[in-house]
Amino acid sequence: VTALPILILFMEKMNILRQPIGQRILRYASIDDIAIWGVLALVLMDWVRIGRQAGFLIAFAVACVLFRKLMRRLQERDRWYVMLIWLAICAFGADWAGLHFMVGAFLAGVVMGGALDRFVLPVLVDAWIDRLRRHGR
């Protein structure tokens, strides 16, 4: 698609690359390349996939609000299981939308953020300390 490297070589051989006319030619050629790449991107665009991704992001935003409300209402012992289910749903949803499942897992983790620190990690750390105490005897 692009001929910029060849154009630069020609202008360098003609000793006009660093001249004002050479810079102007290079600018116009760059703008032309950007336009060509933009048209190519539009031609190759998968509108179904973009629609799915937009749908996923809208559904994810709504689900985030509901997830946060649910986490506040649940008992501490049930939050761990709900967070695992949330992680799986987000990962599968992102994969369905054409994003990588790790993108969904990352987004799920962002929403869980403070919930892990407040609800899950203290419980796990306490359980690990108790286990270490039992094995030490």
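Start with the aromatic rings: this predicted model has 3 aromatic pairs. Select Phe60 and Trp86 and look at their rings. The ring centres lie 5.8 Å apart and the planes meet at 25°, so this pair is stacked, the cut-off for stacking being under 30 degrees. Phe60 belongs to helix α3 (residues 47-73) and Trp86 to helix α4 (residues 76-96).

Now colour the two residues by accessibility. Phe60 has 11% relative accessibility and therefore counts as buried. Trp86 is buried too, its relative accessible area being 8%.

Together with Phe60 and Trp86, they form a cluster linked by ring pairs.

Next, show α3 and α4 as whole helices. How do their axes run? The axes come within 10 Å and cross at roughly 175°. That angle is over 145 degrees, so α3 is roughly antiparallel to α4.

Display the side chains where these helices meet. On the α3 side, the contact includes Arg52, Phe56, Phe60, Ala63, Cys64 and Phe67. Further residues of α3 in the contact are Leu70, Met71 and Arg72. From α4, select Arg79, Val82, Met83, Trp86, Cys90, Gly93, Ala94 and Trp96. The residues of this contact divide into 13 nonpolar, 1 polar and 3 charged.

Across the whole structure, the search finds 0 disulfides. Are these cysteines buried or exposed? Cys64 has a relative accessible area of 15% and is buried. Cys90, at 3% relative accessibility, also counts as buried.

Last, move to helix α1 (residues 4-13) and helix α2 (residues 20-44). The axes of α1 and α2 come within 11 Å and cross at roughly 170°. These two helices are therefore roughly antiparallel to each other.

Select Leu4, Leu7, Ile8 and Met11 in α1 to see one side of the contact. The residues of the contact of α1 with α2 comprise 7 nonpolar, 2 polar and 1 charged.

Terms used
Residues are numbered from 1 along each chain as its sequence is written. This is a predicted model: local features need pLDDT of at least 70, side-chain atom pairs count only at pLDDT 80 or more; totals for chains, interfaces and linings use all residues. Side-chain values use heavy atoms; hydrogens and water are left out. Axes are lines fitted to C-alpha atoms, for helices over the stretch in contact, and angles run from 0 to 180 degrees between N-to-C directions. Helices (H or I, at least four residues) and strands (E, at least two) are DSSP runs, numbered from the N terminus. Angles under 35 degrees count as roughly parallel, over 145 as roughly antiparallel, 65 to 115 as roughly perpendicular and the rest as oblique. Contact means heavy atoms within 4.5 Å. Ala, Val, Leu, Ile, Met, Phe, Trp, Tyr, Cys and Pro count as nonpolar, Asp, Glu, Lys and Arg as charged, and the others, Gly among them, as polar. Rings of Phe, Tyr and Trp (its six-membered ring) pair if their centres lie within 6.5 Å; planes under 30 degrees apart count as stacked, over 60 as edge-to-face and the rest as tilted. Buried means under 20% relative accessible area, exposed over 50%, partly exposed in between (1.4 Å probe, protein chains only). A disulfide is a pair of cysteine sulfur atoms within 2.5 Å.
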